[in-house]
Amino acid sequence: VSGRLRRASLLHFVALGAALYVILDVLAAPREEIVIAVGPAVAVREAALGRALSAEERAALLDRIVQEEVLVREAFRLGLHTGGRIQKRLADKMIVLLQDDVPAPDEAELRALFDANLARYGPAPPPFDAVRGALRNEWRFTRARAIVDAKVAELRRDYRVVIEDDAP
Amino acid sequence: VTATTQPDAMNDAPPRAMRNRLWRDPLLGFLALTVVLFALDAAVPRDDGRTIVIDRATVAAMVERNAYLLGRPPTPVERAALIDAAVDHIVLAREATALGLYAGDPQIRGELFERLARRFAADVAEPTEAEIAAYYAARRDQFGGRTLDRVRGFIRTDLWLKRREARLAGVAAAARDRYAVVLTEAAP
């Protein structure tokens, strides 16, 4: 009897553990907070109708907005945002964001770039002022590229990369 | 023979009893269960968001696309550069996701809804001819005298999209409890 009781204790312990796991992992899981500014969407709808929304119309619009946002979060939670056009778009947005930090070149930097590349213009180089715009674009592009490369190198240190390539 | 085996048998008796007691001890069962749980936990691959896998299919697709553009297979150096660029792309995309750059982007949202629809509403049935006819009969005035044959395509698409929307609304309703939604008038 005592052995049976002891075995029952173990069973109870395991059952209690499983119940706690379910409670903590499923029921008490923190909910992700979504903050949605509804003002702009309401304003757009009211402008389209040319009048204020009724209470029912407003409630329906808010329901729709919340539903869309939940779907977006669910798509991310399910990993549907990886690959394809979404990945490209996200990477492009990140590059644009990083390039915002590129400062404008000053006169001395542009002049130095011009002088360092005189050979590209052949025997009769154009006046500096004629190529100033192109040099500014080149300078910014080079700096932007360097900023993006540096950021990517920094970020890559946080990742473990697995490449399955059978090539020699 | 008897003289040599008897002492061994006597020496074996106490450890065997101990072993039996040990096997029956719930603590041992608990420890064994814990070890099994830890082993299972360690064996289950977890996506911590910090691993990037470029699988064979992805490499093959990149190489094929590049070969088409170059008119020849990429060299080993070019191949390595392709893979490296793909990793950079993923890293940038993940950082953009972490910064929430997807919020409010209509292209990304539209593509996400399409992917959700492909996942959860791929089996939405086409409307039947009776349903199309009923839709037409109920809205005949809105079609400005056009015959059913002329608006059949529009009605079919509209009914199908509504079904797909309803399916996605169900997905959202099922997921709603995972989120605490706060509505504000102005941008946060």
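**Figure 1. B:Asn66 in helix α3 of chain B.** In this predicted model, B:Asn66 lies in helix α3 of chain B, which covers residues 56–70. B:Asn66 counts as buried because its relative accessibility is 16%, and the cut-off for buried is under 20%. Leaving out residues up to four places away in sequence, B:Asn66 touches B:Arg72, B:Pro74 and B:Leu82.

**Figure 2. B:Met62, also found in helix α3 of chain B.** With a relative accessibility of 11%, B:Met62 counts as buried. Neighbours within four places in sequence are again set aside here: B:Met62 is then in contact with B:Ile54, B:Leu82, B:Ile83 and B:Ala86.

**Figure 3. Helix α4 of chain A and its buried face.** This helix runs over residues 84–99 and has 16 residues. From the first C-alpha to the last, α4 of chain A reaches 23 Å, close to the 22 Å expected at 1.5 Å a residue. The buried residues in α4(A) are A:Ile86, A:Gln87, A:Leu90, A:Ala91, A:Met94 and A:Leu98. Seen down the helix axis, the buried residues of α4(A) fall within an arc of 130°, so they line one face of the helix. That face involves both chains: the buried residues of α4(A) pack against α6 (128–156) of chain A, and also against α4 (76–98) and α5 (106–120) of chain B.

**Figure 4. Helix α6 of chain B and its two sides.** Helix α6 of chain B covers residues 129–138, and its buried residues are B:Ile132, B:Tyr135 and B:Tyr136. They are on the same side of α6(B), because they cover an arc of only 95° around the axis. The face turned away from the buried side carries the exposed residues B:Ala130 and B:Ala138. The cover over the buried residues of α6(B) includes α7 (148–175) of chain B.

**Figure 5. Aromatic rings in chain A.** A pair of aromatic rings is described by the distance of the centres and the angle of the planes. Over all chains, the count comes to five aromatic pairs. One of them is formed by A:Phe114 and A:Tyr121, with 5.6 Å from centre to centre and 35° between the planes, and this pair is tilted. A:Phe114 counts as buried at 7% relative accessibility, whereas A:Tyr121 is partly exposed, with a relative accessible area of 22%. The value for A:Tyr121 is not under the 20% that buried requires. A:Phe114 and A:Tyr121 form one aromatic cluster with A:Phe128.

**Figure 6. A stacked pair in chain B.** The ring centres of B:Tyr136 and B:Phe143 are 5.6 Å apart. The planes of these two rings are at 20°, so the pair is stacked, the cut-off for stacked being under 30 degrees. Both partners are buried: B:Tyr136 has 8% relative accessibility, and B:Phe143 has a relative accessible area of 7%. B:Tyr136 is one of the buried residues of helix α6 of chain B.

**Figure 7. Charged ends over aromatic rings.** In chain B, the charged end of B:Arg139 sits over the ring of B:Tyr135, 4.0 Å from the ring centre. B:Tyr135 is among the buried residues of α6(B).

Figure 8. Chain A has six helices and two strands, which run α-β-α-α-α-α-α-β from the N terminus on. Chain B has seven helices and two strands, in the order α-α-β-α-α-α-α-α-β from the N terminus. Of the 168 residues of chain A, 24% count as buried; for the 188 residues of chain B, the share is 26%. The accessible surface of chain A comes to about 11,100 Å², of which carbon and sulfur atoms hold 58%. For chain B the accessible surface is about 12,800 Å², with 60% belonging to carbon and sulfur atoms.

Methods
Residues are numbered from 1 along each chain as its sequence is written. Chains are lettered from A and ligands numbered from 1 in the order in which they are written. This is a predicted model: local features need pLDDT of at least 70, side-chain atom pairs count only at pLDDT 80 or more; totals for chains, interfaces and linings use all residues. Side-chain values use heavy atoms; hydrogens and water are left out. Helices (H or I, at least four residues) and strands (E, at least two) are DSSP runs, numbered from the N terminus. Buried means under 20% relative accessible area, exposed over 50%, partly exposed in between (1.4 Å probe, protein chains only). Accessible areas come from the Shrake-Rupley method with a 1.4 Å probe; for residues, only the protein chains shown count as cover. Contact means heavy atoms within 4.5 Å. The expected span of a helix is 1.5 Å times one less than its number of residues. The arc is that of the directions from the helix axis to the C-beta atoms. Rings of Phe, Tyr and Trp (its six-membered ring) pair if their centres lie within 6.5 Å; planes under 30 degrees apart count as stacked, over 60 as edge-to-face and the rest as tilted. A charge sits over a ring if NZ of Lys or CZ of Arg is within 6 Å of the ring centre and within 35 degrees of the ring normal.
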